[in-house]
Amino acid sequence: MSERLDHLAGRTVIVGSGLAGLMTALTLAPEPSVIVTRAVLGTQTSSAWAQGGIAASIGADDSAALHLADTLAAGDGLCDRTVAASIIAEAPSAIAALEEAGVRFDRNAAGEFSLGLEAAHNRRRIVHAEGDGSGAAIIAALVRAVAQTPAISVLEGFEARRILMDGDEVAGLLCATAGGAAILPTGKVVLATGGIGGLYDATTNPLGNFGQGIALAARAGADLADMEFVQFHPTALDSRRRPLALVSEAVRGEGALLVNERGERFMARIPGAELAPRDVVARAISAEIARGGRVFLDARDALGSRFATRFPVIAALCGEAGIDPAKDLIPVRPAVHYHMGGVATDANGRSSVHGLWVAGEAASTGLHGANRLASNSLLEAAVMGMRAACDIAGMPANSPGTLLAEKLPAPADASLVRPIVSRHLGVLRNGGAVQNATAALLPLAESDGPAADPAIVALLIAVFAGLRMESRGAHARTDFPLTLADAQRRRMRLSQALEIARATPPYALARSA
């Protein structure tokens, strides 16, 4: 039996409590909203783990045009230039809004923002807080702001399981709680659920993030876009910790070098060297590991004893693994860090489903293209959270539609999906591996079991990857190493992806055998 929370009926329901979700709620106020989060507010979000900061062209030698140029270059031909330009132009106002909400960014002795440099940026434009603890500092400030905002109701321990529909419109949200099932009647849902790293063995994301928002939206009939583009951060700390700890790109921005076990600086011969785009660095490191080698980050000369002051969080994580960055090489490996694909949205966060908005990593706006530029993720989350709120606030009030009873699905479990995805949909891909992934994932995606939702997200990645017969950005195929002259984004719905998967040869052959 499901409990209807009619006292909250009609309010905007925001799923997720990272930067995008919190900014949506704060911007909507004083219009009432409800934040649904499976954990304590602001925890288990990738936003809180972000080390670098927010990219914003506010330096004296910088401009929105230069920031856009770097974004387009990293995006490898697939950025939506109009959307990217508009989000980048709003960076200064996003920083101002975050400061107004209580975030205290680092400043120098003159009171100016202390700006960091990261890979593929041609200017220092990374606004950070508490050194490399930017994400945690930002989220902590916004959580305090939410607690002081009466218009925002927070439902902790609520896990969104299904979007309830009335025809082709959103009518409510079905959640699992400690006491059973709960229904929030609403015609306005914002998904701010984060990424898909939990589908992989090696990730820097919270392990529970398997793309819940994508699964929810896909089942509701929303268009998905660019699902094949999974960004591997080149330098996760290679240790026993799970998820893997991140060694921020900003460390390379301060001059640290990448070397292999022979002490060779293998990035020296590649354009951009250590500060090349993430996809380039991740492939180079993967190649070193594939030949049986190891890769290390050497910050001894560049930072030495200053490392712990500039990067206190990373220094502590290294210390946990018995490494002193001032004296020792830091062992690193690529790990899934960000998903450029997701639910297709317009410039205001609207999906193709009436009453459904998506903001942050779960969305695909076109800002990132085939490969996200460092620190554009928190920028997008803040800007799109505010935009979604403004879009919703401008809509006329409406009553939720008819709610039909729906059985509460089993808790999601990605354990069966993770080895398939890790083996076949990694940094380097090929047609046979993608087909094998599709064949293995399809029955799981079509089941009613706990693997179904994670398998749906993974299957979408595989189907999109199979259709992109080129190497571009974060999608690298060894059987199609060249980049096509004509760059095209792709959109499709879950129903279309399932049809394609059913026709994929290994699965079709297995069925006919």
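This is a predicted model: local features need pLDDT of at least 70, side-chain atom pairs count only at pLDDT 80 or more; totals for chains, interfaces and linings use all residues.

Student: What volume does the second largest pocket have, and which residues are the closest to its centre?

Tutor: The volume is about 380 Å³. The lining has 18 residues, and those closest to the centre are Phe232, Ser286, Arg333, Gly426 and Val427.

Student: How do the residues of that lining divide by class?

Tutor: The lining of the second largest pocket divides into nine nonpolar, five polar and four charged residues.

Student: How is empty space located in general?

Tutor: A probe the size of a water molecule is rolled over the atoms, and this shows where empty space is left. Here, a search of the whole structure gives three cavities of 30 Å³ or more.

Student: Which residues line the largest cavity?

Tutor: The lining of the largest cavity is made of Glu159, Ala160, Arg161, Phe210, Gln212, Leu216, Ala410, Ala412 and Asp453. Strand 8 (159-166) and helix 7 are the elements that contribute two or more residues to this lining. Strand 8 has the largest share, with three residues. The space in the largest cavity is about 70 Å³. By class, its lining holds five nonpolar, one polar and three charged residues.

Student: And the second largest cavity: what is its volume, and which residues line it?

Tutor: The volume of the second largest cavity is about 60 Å³. Its lining consists of Val230, Gln231, Phe232, Arg278, Asp279, Ala282, Arg283, Val427, Gly473 and Ala474. Two or more residues of this lining come from each of strand 13 (230-237) and helix 9. Helix 9 supplies the largest share, four residues. The classes are five nonpolar, two polar and three charged. Note that Phe232 and Val427 are in this lining and are also among the residues closest to the centre of the second largest pocket.

Student: Let me go back to helix 7. How many of its residues are buried, and which are they?

Tutor: Burial is read residue by residue along an element. Helix 7 covers residues 212-219, and seven of its eight residues are buried. The buried ones are Gln212, Gly213, Ile214, Ala215, Leu216, Ala217 and Ala218. Of these, Gln212 and Leu216 also line the largest cavity. After helix 7 comes Gly221, with a positive phi near 95°.

Student: Is Trp49 buried, exposed or partly exposed, and why?

Tutor: Trp49 counts as partly exposed because its relative accessibility is 35%, which lies between the cut-offs of 20% for buried and 50% for exposed. Trp49 belongs to helix 2 (residues 46-49).

Student: What is Trp49 in contact with, beyond its neighbours within four places in sequence?

Tutor: With those neighbours left aside, Trp49 is in contact with Thr204, Asn205, Pro206 and Pro243.

Student: Which feature does UniProt place at residues 13-378?

Tutor: An unreviewed UniProt entry places "domain: FAD-dependent oxidoreductase 2 FAD-binding" at residues 13-378. In the model, the end C-alpha atoms of residues 13-378 are 21 Å apart. The span is 27% helix and 22% strand.

Terms used:
Residues are numbered from 1 along each chain as its sequence is written. Side-chain values use heavy atoms; hydrogens and water are left out. On a 1 Å grid over the protein atoms alone, a cavity is a set of points where a 1.4 Å probe fits but cannot get out, and a pocket is an open set with protein on both sides within 12 Å along at least five of seven lines; lining residues have an atom within 4 Å of a point. Grid points are joined across faces, edges and corners, and a volume is the space filled by probe spheres set on the points. Ala, Val, Leu, Ile, Met, Phe, Trp, Tyr, Cys and Pro count as nonpolar, Asp, Glu, Lys and Arg as charged, and the others, Gly among them, as polar. Buried means under 20% relative accessible area, exposed over 50%, partly exposed in between (1.4 Å probe, protein chains only). UniProt positions are given in the numbering used here, feature names are shortened, and annotations may be inferred rather than shown by experiment. Contact means heavy atoms within 4.5 Å.
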